[in-house]
Amino acid sequence: MIQNLQQYLSFEKLVKIIACIPYWIYHIIIFSLVIVCLLCNNCSNRRLPFLWVLVTGFIIIIYLDIYSIKQTYDFCNNAGKLMSGDQILLLARIRFEKNLYSEWNWLFVLIVPSCILPSVIYIIKYPLGFPIKIFAYTALYIIISLCVIGYMQYVNLILMIRDCSMKAEQILMYDRNRPYKTDWIVKLSSITNKQSNLFFFVGSGFIALLFLITFTDFYDVQMTENISKIGVIYLWTIISCAIVVMFPVFSVCSYLYIKMLSHQPPVQLVV
């Protein structure tokens, strides 16, 4: 019984489900949720301001995150096999997948939204109707959780590149004439660039939506109230640290690690 429960709650299974659902099913799910959102809003005595701006912004974020998770999953199952012919690369890939699917990741997925959502709920003083309030905050929790999964995948991808670059001298699988054209390096560089761009767009989306909520008068955020001001500062601190600061850090690290790999003279085999 416990073993079956662990299989159902497997983080790897969660990622696999997200990655393997076809886009046409996601289209149906998103369309259905938008309809439910509109119904909840219409049934509420106080409707959510700028609903279509929020809905459009979060739909874009959801699709970018789903695409990000799918890309990393495909890399693990396809391009990652190119790394199986070398002991150093194989160990780096095994560590990557172990971190990627660790059950400890559940803590991040559950705790991070729980640290953000209460502040959002508190600072918004606009008296929303009960149906749209429940839907909006539930949807926000799920969206943040989805973003956390993509975020962790990007971080683990950079860590794998770092592991490879630290032992680049011992790696034998290189195109000896043009190391930067080596298949697995090209694949690593491609997925890293994609993830970096997705990270930027998702982060920009959250910054724009948080700006709309906190620095306009549509949601009655009271900056004159100390606790509300602390809540706003808290949210912007999280955004600043997780996105504004970390984006250039991640970009520079991934660039340097890929450069170390692609310009590393390969080991010459002794005949």
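1. Helix α2 (residues 11–20) and helix α4 (residues 51–77) have axes that come within 8 Å and cross at roughly 110 degrees. Axes are lines fitted to C-alpha atoms, for helices over the stretch in contact, with angles from 0 to 180 degrees between N-to-C directions. Helix α2 is therefore roughly perpendicular to α4 (angles of 65 to 115 degrees). Helices are DSSP runs of H or I with at least four residues, numbered from the N terminus.

2. On the α2 side, the contact (heavy atoms within 4.5 Å) is made by Val15, Lys16, Ile18, Ala19 and Cys20, and α4 contributes Ile69, Lys70 and Tyr73. By class, the contact of α2 with α4 has six nonpolar, two charged and no polar residues. Ala, Val, Leu, Ile, Met, Phe, Trp, Tyr, Cys and Pro count as nonpolar, Asp, Glu, Lys and Arg as charged, and the others, Gly among them, as polar.

3. The model is predicted: local features need pLDDT of at least 70, side-chain atom pairs count only at pLDDT 80 or more, and totals for chains, interfaces and linings use all residues. Residues are numbered from 1 along each chain as its sequence is written, and side-chain values use heavy atoms, without hydrogens and water.

4. Phe50, in the loop between α3 (23–43) and α4, has a positive phi of about 50 degrees although it is not a glycine. Phe50 is partly exposed, at 37% relative accessible area (buried is under 20%, exposed over 50%, partly exposed in between; 1.4 Å probe, protein chains only).

5. Asp220 lies in the loop between α8 (183–214) and α9 (226–262). Its phi is positive, near 55 degrees, and Asp220 is partly exposed at 30% relative accessibility.

Notes:
Helices (H or I, at least four residues) and strands (E, at least two) are DSSP runs, numbered from the N terminus. Angles under 35 degrees count as roughly parallel, over 145 as roughly antiparallel, 65 to 115 as roughly perpendicular and the rest as oblique.
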